[in-house]
Structure formats: C-alpha cells, structure tokens
Amino acid sequence: MDIIQHSIAVGKYLVSPLIRHQDDGNFAASVSIRSGSGSGMHDRVMRFTPRFASHAAALRYAVDEGLGWVRERAPLALPCAA
C-alpha cells in the first residue's frame with residue numbers, strides 16, 4: 001500500500017512524501033517535488049535506498065530530504081533552523 005502524506009507548499013514548490021509498506025515489514029520512502037503549472041510543470045521524484053522500521057521514520061526522512069533539496073535551490077523559501 002502506498003501512503004501519500006500531506007503535501008507541503010514551499011514557495012513555488014510542492015513537496016509530497018510517499019511512504020510504501022514493503023513485504024518484509026519495513027517502509028520505503030520517496031518524495032515528489034513539483035513546481036510550475038500546466039505545460040510548464042516539472043515533477044522531480046527521489047526514491048531512497050534506506051529502509052525504515054517505522055512509517056514515521058520513513059516519513060521524516062522523505063520530508064527532510066525533500067525540504068533539503070528545496071533549501072539548496074531556493075534558500076529564501078525556507079527559514080533556516082537555528
């Protein structure tokens with residue numbers, strides 16, 4: 001079963017984590033980062049190799065990686081962690 005968590009809008013980006021329950025009981029994480037609209041829409045999907053023992057750990061990893069990618073490309077879109 002695929003579980004799409006709530007998407008996070010950050011500036012012009014939409015970060016959408018996707019967590020998938022694996023047959024072995026672990027969880028796989030990926031994240032979609034979308035920008036633009038219509039024919040100018042671009043969607044980058046990153047699938048991660050680590051497997052996680054819990055849904056929460058996989059979700060946290062996917063969100064952190066997606067927001068990190070956005071932070072590198074649009075540093076003013078996200079507040080810096082202090």
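This is a predicted model: local features need pLDDT of at least 70, side-chain atom pairs count only at pLDDT 80 or more; totals for chains, interfaces and linings use all residues.
Figure 1. Of the 82 residues in the chain, 33% are buried. The chain exposes about 5,400 Å², and carbon and sulfur atoms supply 54% of that area. When contacts between residues at least 6 apart in sequence are considered, 34% of them join residues at least 24 apart.

**Figure 2. The hairpin of strands β2 and β3.** Strand β2, which covers residues 8–10, runs antiparallel to β3, and 3 bridges join the two strands. Within this pairing, Ile8 stands opposite Val15 of β3. The two strands form a hairpin with 2 residues between them, and in the turn Gly11 has a positive phi of about 60 degrees. Ala9 is also found in strand β2, and with a relative accessibility of 62% this residue counts as exposed, because the cut-off for exposed is over 50%. From Ala9 to Ser35 the separation is 26 residues in sequence and 9.9 Å in space, taken from C-alpha to C-alpha.

**Figure 3. The hairpin of strands β3 and β4.** Strand β4, made up of residues 27–35, is joined to β3 by 9 bridges, and the two strands run antiparallel. His21 stands opposite Phe27, which belongs to β4. Here the hairpin has 5 residues between its strands, and Gly25 in the turn has a positive phi of about 95 degrees. Ala56 itself lies in helix α1 and, at 41% relative accessibility, counts as partly exposed.

**Figure 4. The surroundings of Ser16.** Ser16 has its place in strand β3, and its relative accessibility of 15% makes it a buried residue, because buried means under 20%. A polar contact of 2.6 Å is made between the side chain of Ser16 and the side chain of Ser7. When neighbours within four places in sequence are left aside, the residues in contact with Ser16 are Ser7, Ser30, Val31 and Ser32.

**Figure 5. The ring pair of Tyr13 and Trp69.** A pair of aromatic rings is described by the distance of the centres and the angle of the planes. The count of aromatic pairs in this model comes to 3. In the pair shown here, the ring centres of Tyr13 and Trp69 are 5.8 Å apart and their planes stand at 90 degrees, so the arrangement is edge-to-face. Because Tyr13 lies in strand β3 (residues 13–21) and Trp69 in helix α1 (residues 55–73), the pair ties together parts that are 56 residues apart in sequence. Both Tyr13 and Trp69 are buried.

**Figure 6. The rings of Phe48, Phe52 and Tyr61.** The rings of Phe48 and Tyr61 have their centres 5.2 Å apart, with their planes at 85 degrees, so this pair is edge-to-face. Phe48 lies in strand β5 (residues 42–52), whereas Tyr61 lies in helix α1, so the pair ties together parts that are 13 residues apart in sequence. The two partners fall into separate accessibility classes: Phe48 is buried, with a relative accessible area of 12%, while Tyr61, at 28% relative accessibility, counts as partly exposed. Ring pairs link Phe48 and Tyr61 with Phe52 into a cluster.

**Figure 7. The largest nonpolar core.** In soluble globular proteins, nonpolar side chains tend to be buried together. The largest nonpolar core of this model has 18 residues, and among these Ala29 and Val70 touch the most other members. The elements giving two or more residues to this core are β3, β4, β5 and α1. Of these elements, helix α1 gives the most, with 6 residues.

Key
Residues are numbered from 1 along each chain as its sequence is written. Side-chain values use heavy atoms; hydrogens and water are left out. Rings of Phe, Tyr and Trp (its six-membered ring) pair if their centres lie within 6.5 Å; planes under 30 degrees apart count as stacked, over 60 as edge-to-face and the rest as tilted. Helices (H or I, at least four residues) and strands (E, at least two) are DSSP runs, numbered from the N terminus. Buried means under 20% relative accessible area, exposed over 50%, partly exposed in between (1.4 Å probe, protein chains only). A polar contact is a pair of N or O atoms within 3.5 Å; within protein, one must be able to donate a hydrogen and the other to accept it, and residues adjacent in sequence count only if both atoms are side-chain atoms. Contact means heavy atoms within 4.5 Å. Accessible areas come from the Shrake-Rupley method with a 1.4 Å probe; for residues, only the protein chains shown count as cover. Two strands pair if DSSP finds at least two bridges between them. A nonpolar core is a set of buried Ala, Val, Leu, Ile, Met, Phe, Trp, Tyr and Cys residues joined through side-chain atoms within 4.5 Å.
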